[in-house]
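This report walks through selected strands, helices and loops of one protein. Please keep the sequence and the structure at hand while reading.

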Amino acid sequence: MTQAPKLLFADPKGRVMEHPYLLATLRSGEELVPPQDKPIPLPSAGRLVHLPGRLPVGLNPETGELELVREMKLEGKTFVPSAVGALLPPGYTRTFLPGEVKASGPVLPQWAYTAAAWGEDGPVAWAIHTDKRSHWEPERYSTPELKKLVDTHLARFPGNRVLKQLTTCAMLYRCFTSQNIFYVRDEGAIPASVMCNARCVGCISDQPADGPPASHERMDDGPSAEEMGAIGLYHLEHAPGRTMVSFGQGCEGEPLTRWKFIAESIRYMRAHSSRGSININTNASLTHGLEALFDAGLDAIRVSLNSAVKDLYEAYYKPVKYGWEDVEASIALARERGAYLALNLLLFPGVTDREGEVQALAKLVKKYKVDQVQTRSLCIDPIQYLEVARDKGAGGEPVGIRELLRRLKAARPGLVIGNFARGLDERQGRGDRA
């Protein structure tokens with residue numbers, strides 16, 4: 001008989017242990033629930049982390065009751081334990097949050113905390129392997145030769161402000177898309193903007209004084225069209241196979257705030273090369289700017305959103321001089337212009353999968369014939385997002401992340417569910433290749 005996964009907790013030094021008898025619990029939105037939806041072994045590139053100031057909640061297998069673990073005794077010492085979660089590598093989408101409640105402590109750093117436990121053969125996590133394409137495997141990144149490749153590229157484009165930012169992102173933050181520029185392969189990042197017209201609660205590059213530390217630092221000065229065009233053109237001309245450059249990265253503001261410069265850089269790239277794809281990752285706020293980019297040669301767009309319902313979207317993004325209506329207008333424009341249209345869906349178990357939210361997302365996907373939904377487990381303190389989402393958005397009981405994804409695929413035959421952008425030869429029904 002398979003044993004139910006045990007609750008994990010951490011001591012004050014961060015050492016992770018399994019509870020002697022309590023089973024793990026899960027969080028779905030505001031609710032703590034018993035273990036369900038079979039977990040997977042923790043991926044080799046995943047890791048367990050403790051959540052300071054959060055108390056673990058276990059399930060007593062004898063009584064069936066939830067128990068808040070306020071203290072533990074180990075080696076003769078009594079201490080207050082911390083809850084434990086998992087961090088997953090790219091390609092995985094969490095289905096539940098860690099079973100914990102807030103005691104005291106800071107706002108948690110911006111990571112996508114996933115429910116974890118100790119199974120019969122080691123640590124497990126509640127997640128789906130949503131994108132099995134191997135070119136984003138962590139083993140291919142941060143390799144010993146990366147520093148030499150960075151130096152070579154810097155010498156090739158001396159003083160280029162795009163490369164200055166990408167060097168920081170590649171070497172310090174270990175951003176895969178930034179590193180691709182130096183490896184000259186796949187989707188390469190072109191950061192473009194220091195400004196933003198949203199004040200996202202979970203922004204990873206700009207946080208208020210009372211928020212968690214931002215996990216990235218924005219560049220000091222927006223690069224010129226020439227600087228962006230030079231880096232983009234080199235990548236398009238030299239990266240083999242699945243070749244793409246993308247404006248709009250986590251380390252910057254909203255790229256559409258600099259649409260004139262980006263349009264000029266795209267025109268430069270397309271004047272010299274027809275290879276590969278040019279994509280923008282965006283909040284889709286400035287429809288007129290997006291139209292200029294399509295005129296210049298943009299062929300793919302990934303629109304970031306946490307909800308297709310106005311009040312929940314705006315509660316999280318806190319838009320400045322734009323609203324949900326502008327986002328939808330840009331999605332409609334992308335469909336009209338024949339671009340490859342992807343949604344960067346910021347998933348949060350227990351909120352994104354509420355019945356009403358699922359219906360609104362499915363309607364959006366169907367109406368605009370969305371090509372791909374890229375699932376992104378929202379990197380934020382769970383309690384912080386629950387405060388944002390409380391009494392916002394469409395209601396109903398959560399149906400589960402698996403069911404959410406199933407319904408999206410049913411709403412749009414041919415819809416790709418995954419975590420990574422698709423190259424030109426992978427689009428328009430040509431298959432979801434590994």
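Two strands are said to pair if DSSP finds at least two bridges between them. The model described here is a predicted one.

## The sheet β4-β3-β13

With that definition in place, strand β3, residues 26-28, pairs with β4 in the antiparallel sense over three bridges, and within this pairing S28 stands opposite E31 in β4. The two strands belong to an open sheet of three strands, ordered β4-β3-β13, in which the pairing is antiparallel. The edges of this sheet are taken by β4 (31-33) and β13 (97-98), each of which has a single partner strand, so one side of each is left without a neighbour in the sheet.

## Strand β16 and its partners

Strand β16 (residues 122-125) is paired with β5 (residues 40-41), the two running antiparallel and being joined by two bridges; here the bridge partner of I40 is A125 in β16. Strand β16 also pairs with β15, residues 114-119, again in the antiparallel sense and over four bridges. In that pairing W118 stands opposite P123 of β16, and the two strands, β15 and β16, form a hairpin with two residues between them.

Is T143, with its relative accessibility of 18%, buried or exposed? The residue lies in the loop between β17 (127-129) and α1 (146-156), and at 18% relative accessibility T143 counts as buried, because the cut-off for that term is under 20%. The side chain of T143 is joined to the side chain of Y183 by a polar contact of 2.6 Å.

## The seven-stranded parallel sheet

A further open sheet is formed by seven strands in the order β18-β19-β20-β21-β22-β23-β24, with parallel pairing. Its edges are β18 (187-190) and β24 (416-418), and each of these has a single partner strand, so one side of each is left without a neighbour in the sheet. From one strand to the next, the twist averages 25°.

Within this sheet, strand β22 (residues 340-347) pairs with strand β23 (residues 372-377) in the parallel sense over six bridges, and the bridge partner of A342 in β23 is Q372. Helix α9, residues 355-367, lies across β21 (300-305), β22 and β23, and runs at about 170° to β22.

Two packed helices are described by the angle between their axes and the distance between the axes. The axes of α9 and α11 come within 8 Å and cross at roughly 30°, which makes α9 roughly parallel to α11, since angles under 35 degrees are placed in that class. The crossing of these two helices, α9 and α11, is right-handed. Where they meet, E355, V358, L361, A362, V365 and K366 in α9 are in contact with L404, R407, L408 and A411 in α11.

Helix α7 (residues 310-317) packs against helix α10 (residues 382-389) at an angle of about 135°, and their axes are 9 Å apart. That angle makes α7 oblique to α10, and α7 passes α10 in a right-handed crossing. The residues that meet are L312, A315 and Y316 in α7, and Y385, V388 and A389 in α10.

Where is D391 placed? This residue is in the loop between α10 and α11 (401-411), and, being at 75% relative accessibility, D391 counts as exposed, because the term applies to values over 50%. The phi angle of D391 is near 65°, a positive value in a residue other than glycine.

Definitions and conventions
Residues numbered from 1 in each chain as written. Predicted model: local features only at pLDDT ≥ 70, side-chain atom pairs only at ≥ 80, totals over all residues. Heavy atoms only, no water. Buried < 20%, exposed > 50% of the residue type's maximum accessible area, 1.4 Å probe, protein only. Polar contact = N/O pair within 3.5 Å; in protein donor to acceptor, adjacent residues only side chain to side chain. Axes fitted to C-alpha atoms, helices over the stretch in contact; angles between N-to-C directions. Contact = heavy atoms within 4.5 Å. Parallel < 35°, antiparallel > 145°, perpendicular 65-115°, else oblique. Left-handed = near helix turned anticlockwise from the far one by under 90°.
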